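Here are some notes to read with the structure open beside you. They start with one term, then go through the contact between the chains and some charged pairs.

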Amino acid sequence: MSASVADRRNAIAAKRGNSLRNQRLWALWGSYIALGIFVVMFLVPPFYTLMTSLKSSAEISAQVGSPWLVRHPTLENFWYLITYPNFQRYYLNSVIVTILTVSVSMVISVLAAFSLSRMGFWGSQTLSTSVFLTYLVPPSLLFIPLFQIIGQLGLINNFWCLVILYPTLAVPFCTWIMIGYFSSIPKELDEAALIDGAGYLQMLWKIFIPVAMPGIIAATIFAFTVSWGAFLYPLAYLYTSNQMVLTVGIISDLIRGDVFQWGKIMAACLLASLPPIVIYAFLMDYYVAGLTAGATKG
Amino acid sequence: MAEVSVRKVVKEYEGGVQAVKGIDLDIADHEFVVLVGPSGCGKSTTLRMIAGLEEITSGEIWIGGDVVNDVPPRDRDIAMVFQNYALYPHMSVFDNMAFGLKLRKFPKDEIKRRVDDAARILDIVPLLDRKPRALSGGQRQRVAMGRAIVRNPKVFLFDEPLSNLDAKLRVQMRTEIKKVHQAIPTTTVYVTHDQIEAMTLADRVVVMNGGVIEQVGTPQQLYHNPATRFVAGFIGSPAMNFLPCRVQDGANGGLAVRITDSIIVPIPPARADRYGAYKGKEMVLGIRPEHLFEHHDQGKPGWTRVDLPVDVVEPMGMETMVHFFVDGSPVCARIDPATHAAPGEMLPLTADLNQMHLMLPDTGRVV
Ligand SMILES: Nc1ncnc2c1ncn2[C@@H]1O[C@H](COP(=O)(O)OP(=O)(O)OP(=O)(O)O)[C@@H](O)[C@H]1O
Ligand SMILES: [Mg+2]
C-alpha cells in the first residue's frame, strides 16, 4: 500500500520534472531561434558593407557571380579614403564636433542634474519634468526655427554651429539619466560630505561623479551617438566640403550626380563606424547597467 | 570639546508640521546625552538642527559658547554618524575616514596618524584598504564612527547608529560606543528609540514625545522618579502597569488606594504627605512589574499582599512573567521562576508600594 503511494508520488514528480525540463528546452530553442533571426537581420547589412568595400569598382559593376562574395579582395577603397584630404577633413570635423558636443553636454547635464536632484530650489520639480519634455520634441520639427537662429548667429555652413545644436538634443536626455542616477544616491551621503567639510562643488566632484560613474558613461555614450550619427542638421546647415562632417561628407562627396561609388561609400561607412564600435565595446557593460538603473530610478 | 545649548528651539516643516515645539536643553562638556522617544517625536529633527542640516524655525542653538544658527554644518566642528552609515561607496575605508581631514587640508602624515589611531581604537586596522561594500554591517558602523573620531570634533552626533544591526551585534556595538566615549570623552548627542540603549549609554537621558521634552535626567532618576505617565511607561521593560484607582482613608488613620472593591492597598506612611491632597480623587496607580513579585511571609514595611487570578505565565529562565487582568487593565508581575503559577489559579503576590507612583489621569503628571 505504502509502496504504491510512494510509486505514484515518484511518478508524479518524474512527470512534473519532465515537463519542467521540456518547458526549459522549448524556451531555450525559442530564444535561440529568435536570437538567431535577429543576429542574421542585424549582421547582414554590415557583412554586405564589408564585402562591397573590399571589391574594386570593376568587380562591383561586372555583376558576375554571387554579390555576397569577393573574388579579388582589395584595400584600394580604404587606401583611397585614408589618403583623400576631403575624407580626412570630414573625419577631423566629426571628431572635433563630437568631442566638444560630448564635453559641453556632459558639463551642462551633470551640473543641471545635480542642482535639480539635490538643491531642491523653488520650481526644481517642474523644471526637471520640463527638461524631459523637451526631449520629446522631434528634432526634425526644430530645424527650421533653429536655421533662423543659426543664420542670425552667422554660423550657417560652419561646423561650429553643430557644437551649439547637438547639445540641445543631447542635454535633456543626459540630464534625465543623471537625475535618475543622482536621486538614487542616499541623502545621507551628501549630508555626511557637508559635515565632513565639502562644499557643493566638492560634493559633486568627489562624491556624486565617482558614485554615478555608470550613469555618466551611459549619458556620454548617448551624447556621442547623437553627435556622431546626426544627419539632418549637418545636411541642412553645411554645404562646403571643408565644413562637412562624416555623415554628409560621405554622401555628398562619393555620390556624384547619379554615380554611386559603392565600394568607397561602403569603406567610408566602415571607417566611420570604427569609433562607435570601439567605444561601445569598451563601455558596453556600463552602458547596459546605466540604462536600466536610470530607468527604474528616474 | 564643548557644551551644547538648545534654547526655545522650534522646527516647523513646510506644510505646517511642527516637529519640535520649543525645547530647551543644556548639554555639558564631555556629557553623553541620549534623546529617546517614540517614532516621529522629533528626535532626528532636533539632532539635525544641532548638526546644521535642518534650519531652525525659531530659537537658538549654541555650540561651545557661540550661537550657530547661521553657521553651516562644516563650520560647526561636529561629526555625525548616520543610521545607514553613509559611507562613500567608491572610497576605501582609509579614504572614508581621511576625507574630512583632506578637505580641511591636514598634512598627510597627520592624516595617516589620526586614521591609524582611530582604526586601532575601533579594531578595523586590517580593513583600511577595503571598500565599504566588502564590509559587514558592524564593520561599516565602526568605519562610520571612525570617520567621526578622526576629525576630533567638538560634538559627536549619532542618529540611531545601531538600529540596522542585528540584536547581538547591537549589544556589542553599544558597549563599543561606551568604550570609545570613555577613551575620547567628546560631548555626544545620541538619538535612539530603544530605551535600553538610552539607559545603558547615557549620562543623561532626554525623553521626547510629540515634539516636546517630557523629562531630562539620569537613567536612575528616570527610572525611579518619572515626571509623567509617558516617561513612566516608556522607561523600563516590560512597561509599568497602570491601574485606575481612588485615594481614600485607610486603616490606622493612614491613606489607602482602592483599585477594586476587593483590592485596597495601604499607602506607605512616608508617602502620606505627598498623596494627602488627592484624597477622594480618581488617580492612576503606576507600579513596575519588578515591584510586583511572589508573596513572602516576612514582609518589609510598605510591602502588601494582593491575590490575583493568573491569566498567562511566561517563563523566561531567570525570571517568570505572569500576566493578570485587574478590572479590565492588564497587569504584569515578575516572579521567581521557582514559584508555582498556573493559569486560572489565584496567585498571592507582594506589591512593593515604596515604589508606587500616583499620577493625574488627565495630564499624566506624576504627583
Ligand atoms: N522633511 C520633512 N518635511 C515634513 N515633515 C517632516 C520632515 N521630516 C520629518 N518630518 C516630520 O516631523 C516629525 C518628527 O520627525 P523626526 O524625523 O524628527 O522623528 P524621529 O523622532 O526621528 O522619529 P524616528 O524614530 O522614526 O526616526 C514627524 O512627524 C515627521 O513626519
Ligand atoms: Mg529619526
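Predicted model: local features only at pLDDT ≥ 70, side-chain atom pairs only at ≥ 80, totals over all residues.

1. A word on naming before anything else: helices (H or I, at least four residues) and strands (E, at least two) are DSSP runs, numbered from the N terminus.

2. Is it buried or exposed? B:Arg48 has a relative accessible area of 16%, and buried means under 20%, so B:Arg48 counts as buried. Leaving out residues up to four places away in sequence, B:Arg48 touches A:Glu191, B:Leu53, B:Glu54 and B:Met80.

3. With A:Glu191, the side chain of B:Arg48 forms a salt bridge, 2.8 Å from N to O. With B:Glu54, the side chain of B:Arg48 makes a side-chain polar contact at 2.9 Å. So much for the one residue; now for the interface.

4. How many residues of each chain are in contact? On the chain A side there are 17, and they meet 22 residues of chain B. The area buried between chain A and chain B is about 1600 Å², and carbon and sulfur atoms give 66% of that. Of the area that chain A buries against chain B, A:Glu191, A:Ile195 and A:Asp196 supply 40%, more than any other three residues.

5. Polar links are there too. Between chain A and chain B, 10 residue pairs are in polar contact, both partners at pLDDT 80 or more. As for where the chain A side comes from, the elements that give two or more residues to it are α8 (187-196) and α9 (200-211) of chain A. Helix α8(A) has the largest share, with eight residues. Sorted by type, the chain A residues that touch chain B are 10 nonpolar, three polar and four charged.

6. The count of salt bridges between chain A and chain B is two. Another pairing is B:Arg151 with A:Asp196, where the closest N and O atoms are 3.3 Å apart. Why does this pair join two chains? B:Arg151 sits in the loop between α4 (137-150) and β7 (155-159) of chain B, while A:Asp196 belongs to helix α8 of chain A, so the link runs from one chain to the other. Both B:Arg151 and A:Asp196 are buried.

7. Zooming out, the whole structure has 21 salt bridges over all chains. One of them joins the side chains of B:Glu110 and B:Arg113, at 3.3 Å from N to O. These two are three residues apart in helix α3 (residues 108-122) of chain B, so about one helical turn separates them. B:Glu110 is partly exposed at 22% relative accessibility, and B:Arg113 is partly exposed at 45%.

8. Further along helix α3 of chain B, look at B:Asp117 and B:Arg120, which are three residues apart, about one turn of the helix. Their side chains meet in a salt bridge at 3.5 Å, N to O. B:Arg120 counts as exposed, at 55% relative accessibility, whereas B:Asp117 is partly exposed at 31%.

Terms used. Residues numbered from 1 in each chain as written. Chains lettered and ligands numbered in written order. Heavy atoms only, no water. Contact = heavy atoms within 4.5 Å. Buried area = accessible area lost by both parts, 1.4 Å probe. Salt bridge = Lys/Arg side-chain N within 4 Å of Asp/Glu carboxyl O. Polar contact = N/O pair within 3.5 Å; in protein donor to acceptor, adjacent residues only side chain to side chain. Nonpolar A, V, L, I, M, F, W, Y, C, P; charged D, E, K, R; others polar. Buried < 20%, exposed > 50% of the residue type's maximum accessible area, 1.4 Å probe, protein only.
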